[in-house]
Structure formats: structure tokens, C-alpha cells
Amino acid sequence: SLPIASPLSRRLDLTIPLIQAPMAGVATPQLAAAVSRAGALGSLALGTVSVEQAANQIDSLRALTDRPFNVNFFCHQPPAHDPARDSAWLTYLTPHFQRLGATPPANLAPAYGTALGNDAMLEMLLDRRPPVVSFHFGLPDTRWVTALHQAGILLIACITTQVEADQAEQAGMDMLIAQGMEAGGHRGCFDPDHDARQSLPVLLGQLRQSCRLPVIAAGGLMDGRDLAAVQMLGAAGAQLGTAFILCPESSAAPTYRAALQQAQPGQTDITATISGRPARGLANRMHHLLTADAPPIAAYPNAYTAGKALIQAAATQGNPAYAAYWAGQGVARARAMPAAALVQCLADEWQQ
Ligand code: FMN
């Protein structure tokens, strides 16, 4: 098929300016390799893994393809040490644990850190030199930007407002992911307590006036016509997450796949109760958890330690009522097909 030209496809020699979203728990080297081999940009989600696991994933991907790929990190501010807030949140969740016959964790140690200040991760990246590095929940340190740029790496940050876009541009990012509130998974807002929840067309409209960087659209995009539509709204490409979860190359569990395939339009919602940051998924008991007298949710990612324990306690009883089935508003249009076929299908539809 004809290459669809844009700054994204030109810079990385892609035949379609399409990024398979980095998805923690879902993206695999097999998925990213299939997407990159098909002419789009595959991504690894390395925000929750150790330096060694990150290096292993990059090496596995490189063994499968020599095409460009993206690796993604979380730049959240580490949570303030606040055991009182953590324990108040645990106390609030205790009746839910008890109903499942489980005991809540004793405390809320964060399950993973942030890329901010992670020198060992930076060293690994300078050694492995992935062609693209992208950031979620904020911006990397100046040191990262300088060093990664010197290594010839393209840098992309996810933003949800024009203010965040301005900050990303000033920090030296090369391109932006504009994430609309339709998007599945965690909102990329820099401050979890201030989520503007703007829709993708509204956000793209503002960025068209104010932003000089190429903008890649994300949120609720499922087919090639959606991609043509955001191109019309000024986007230099698109990043799709939910559309790729059902690919056989993803690591989504069978229960998660089944839930997505049965999902109705309008079934997703945003909640911060699962992890401490707003995220969109199939609405479940966690989305209806907060009563008027609820204490503040524990900070991200401490709250996730409690959320995951609750999900696990329910899952051992075959109870999906708490499961974190991340998905965007387009979920009912997700198609289960191999990643390469999906990329080809999106390219064909785009050019129709
Ligand atoms: N974005 C990231 O930058 N890093 C992640 O680790 C990440 N994990 C995600 C996991 C899942 C299961 C989903 C659905 C999304 C995730 N996202 C993550 C958000 C995506 O980058 C993207 O913004 C979103 O998928 C776009 O909306 P869509 O799912 O409607 O296509």
C-alpha cells in the first residue's frame, strides 16, 4: 500500500504513521515486533519493570525485528511518605476484602518506581539505544533528554492539555501524544488531582493553534476511518491501545479478552480508585466504591498495591467484579485479529 506521509512516518521510515500503544501488562515483544514489521511502530511498556527486565524485553524485540520500535516509561512524582493516608484507605477497603474472605495487605508499598532519577535505567537505554522513547504521567529530567537526544533517540511525551503540551515542548520533546478522555488505561495527566478530561477533538483543536510539534492522536480510535478523521483534525499520526488488546500476540488474559469481546458501547468509565490515578476501563465495583465519607484515595502507585490485592482476592473466587479491564470508549469496535493483519486493515481503511 502507499505510504501515508507525516513527520512521524518520515522520521522513522514507517509505511503508516501508527503507533501500537505501550500497554503495561498487555504489550509484548511479539506484539511490538509484529506491528513494527507491518510498517507501523510497535511499543514496549517498561514503566513497571526492572532495568534487567526492560533490557531483556528490548533484546527479545530486537531478536524479532530490525524495524524501529518505541519503549515507554512513567515519569510520575514518587508519592510522599504518608502512612496515615495509606492506612485510612486500607481501612476504607477492608469491608470489601472481608466480603471476599481475604485480609488486606499490611501496608501499601509502591509496586514499582518512577523513571525520574533512575540512573540505571538511563544507562541501559544509552547502551541499547531504542529508536524511540516515550513518557507517560509527566516529563523526564533534563539529563535524560540531553543524553537520549545525543544518542539519536526520538522523544515523545503524552499530554492531556495545552498547558502540558507547552511544558513538553519546552522540555525538548520531539513529538507529542495528545491523549483524549476517550482513551483506555491510565490518563497521562501530569498531576493526578487535576484531570481536565478533554475529548480528543477538543484537545486537537487547541493544539492546532498553539503547538509547533507533531501531534499524535490517542483515545477511542479503532478503525482506518477514525485515523483519517484525526489526520483531518491536524494529527500527524495515531496511537491505538484498545484496538490491539485482542491480538493473539498480546499478553491479555482470557478473562480480559472475553470481557472486552462482550463489552457494550458506553460501558467504560474513569476511576482513580484502582491505582490512585485516573484510568479508563470497563466499569466495575471499583468505579462505584466511593461514598460521601470516603477518605482520600492513597497516592499512585500505593493505591495500586491495594487495588491489585483486591482484584486478586476476587479473582481466586472466579469473581470478576473488581477486575481492572482497561479499555477505551471504542471498545465495542475492537477486532480480534493478528497484529500484522490489523495494521494492514487500518492502512487500507485509512486510504479508502
Ligand atoms: N500508556 C502508556 O504510555 N504507558 C502504558 O503503560 C499504558 N498502559 C496501557 C494499558 C492498557 C491496557 C491500555 C488500554 C492503555 C494503556 N496506556 C498506556 C494508554 C495508551 O498509551 C493510549 O493512550 C490509549 O490506549 C489510547 O486509547 P485507546 O485505548 O482508546 O486506543
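Confidence comes first: this is a predicted model, and its chain averages a pLDDT of 96, with 99% of the residues scoring at least 70. The scores for the model as a whole are ipTM 1.00 and pTM 0.97.

Now step back and look at the overall fold. The chain holds 13 helices and eleven strands. Its radius of gyration is 19 Å, close to the 20 Å that the globule rule gives for 352 residues, so the chain is as compact as a globular protein of that length. If you are setting up a view, the C-alpha trace spans about 60 × 45 × 40 Å along its principal axes. Among contacts with a separation of 6 or more, 68% join residues 24 or more positions apart.

Buried residues make up 51% of the chain. In soluble globular proteins, nonpolar side chains tend to be buried together. Here, the largest nonpolar core has 118 residues, and Leu176, Ala178, Ile216, Ala217, Ala238 and Val343 have the most contacts inside it. Helix 12, residues 302–315, gives the most to this core, with seven residues.

Finally, turn to the ligand. Around it are 29 residues, of which Ala183, Gly184, Gly185, Gly241 and Gly328 come nearest. Strand 7 (185–186), strand 9 (237–240) and helix 10 (242–245) each supply at least two residues of this shell.

Terms used
Residues numbered from 1 in each chain as written. Predicted model: local features only at pLDDT ≥ 70, side-chain atom pairs only at ≥ 80, totals over all residues. Near = placed C-beta within 6 Å. Helix = DSSP H or I, 4+ residues; strand = E, 2+ residues; numbered from the N terminus. Core = buried A, V, L, I, M, F, W, Y, C linked by C-beta atoms within 7 Å. Buried ≥ 20, exposed ≤ 12 C-beta atoms within 10 Å, placed from the backbone. pLDDT = per-residue confidence, 0-100. Rg over C-alpha atoms; globule rule 2.2 N^0.38 Å. Contact = placed C-beta atoms within 7 Å.
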